[in-house]
Amino acid sequence: MVGSYPEEFALLVGQEGVLSGQRWPISNNMVIGRDDTCDITIQDRQVSRHHAQISVTPEGVMIEDLGSKNGTHCNGKMLTQRILLEDGDIIQIAFAQQFIFLSSDATVPLDQPYHGTFISNNPLTGLRLDKKSRRVWINNNEIDPPLSVPQFQLLDMLFDQEGKVVSRPDLITHIWGDEQAIVVSEQALDALVRRLRDRLSSIDPKRSYITTIRGHGLRLDNSQ
């Protein structure tokens with residue numbers, strides 16, 4: 001288990017399984033498997049000796065299955081090729097261990113240039129969203145690099161219900177889907193909220209847009 005780590009590193013955090021609660025900064029390529037020589041060792045017979053690999057590339061952090069017997073899944077889909085990881089992705093190693101990937105800068109490339117109109121509950125100040133391009137502005141300053149898909153989904157759901165409290169289970173289902181919702185931990189949502197707050201405060205450090213209502217959920221406060 002890693003006790004401290006540089007904030008600029010992406011993280012892999014153990015969830016369901018024997019490594020639950022442990023975390024690893026991703027500064028170099030890492031092999032996950034049962035063998036003692038692996039960077040992350042999972043002592044379970046369902047896990048292959050060299051099961052999967054995390055790679056740091058110029059495009060971002062990627063994951064691939066290394067021909068394991070029981071497979072590697074990302075967000076419920078079995079890996080058949082190397083894929084780029086995004087903030088909040090859920091990784092399942094065989095049936096033995098689950099991880100959540102937390103990116104260092106929480107960015108994803110935009111699929112297309114900006115088209116259409118943005119949505120704003122306050123056109124001059126506060127938050128504005130463009131759902132199609134996933135662009136976000138605060139006080140007319142665009143968040144750049146853009147939010148990750150999970151971060152935008154979280155903000156978008158709160159934005160649509162501005163001023164109302166959205167329950168944590170509803171947020172988890174909206175972001176990760178019905179199938180993954182049953183295995184996504186409260187820690188995963190908390191980490192996602194923390195990173196989204198950090199991105200918003202980087203533009204407007206004087207305001208806290210996302211308010212936690214203990215025992216109920218989260219609320220977006222976008223009005224002056």
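How many aromatic pairs does a search of the whole structure find?

## The aromatic pair

The search finds 1 aromatic pair. Tryptophan 24 and phenylalanine 99 form it, with their ring centres 5.8 Å apart and 70° between the planes, which makes the pair edge-to-face. Here's the rule: rings of Phe, Tyr and Trp (its six-membered ring) pair if their centres lie within 6.5 Å, and planes under 30 degrees apart count as stacked, over 60 as edge-to-face and the rest as tilted.

Tryptophan 24 sits in strand 2 (residues 23-26) and phenylalanine 99 in strand 11 (residues 97-102), so the pair ties together parts that are 75 residues apart in sequence. Tryptophan 24 counts as buried at 10% relative accessibility, and phenylalanine 99 counts as buried at 0%. (Buried means under 20% relative accessible area, exposed over 50%, and partly exposed in between, using a 1.4 Å probe and protein chains only.)

## What you're looking at

This is a predicted model, where local features need pLDDT of at least 70, side-chain atom pairs count only at pLDDT 80 or more, and totals for chains, interfaces and linings use all residues. Residues are numbered from 1 along each chain as its sequence is written, and side-chain values use heavy atoms, with hydrogens and water left out.

The chain has 3 helices and 18 strands. Both are DSSP runs numbered from the N terminus: helices are H or I with at least four residues, strands are E with at least two. Of the 224 residues in the chain, 47% are buried.

Now look at the open sheet of 3 strands, in the order 16-18-17, with antiparallel pairing. Strand 16 (166-167) and strand 17 (210-213) stand at the edges with a single partner strand each, so one side of each has no neighbour in the sheet. Strand 17 pairs with strand 18 (residues 217-220) over 4 bridges; two strands pair if DSSP finds at least two bridges between them. Isoleucine 213, for instance, has glycine 217 in strand 18 as its bridge partner.

Helix 1 (residues 149-160) lies across strands 16, 17 and 18, at about 70° to strand 18. Helix 3 (residues 186-203) lies across strand 17 and strand 18, at about 145° to strand 17. Contact means heavy atoms within 4.5 Å. Axes are lines fitted to C-alpha atoms, for helices over the stretch in contact, and angles run from 0 to 180 degrees between N-to-C directions.

## A buried loop residue

Serine 133 lies in the loop between strand 13 (127-130) and strand 14 (135-138). Serine 133 is buried, with a relative accessible area of 3%.
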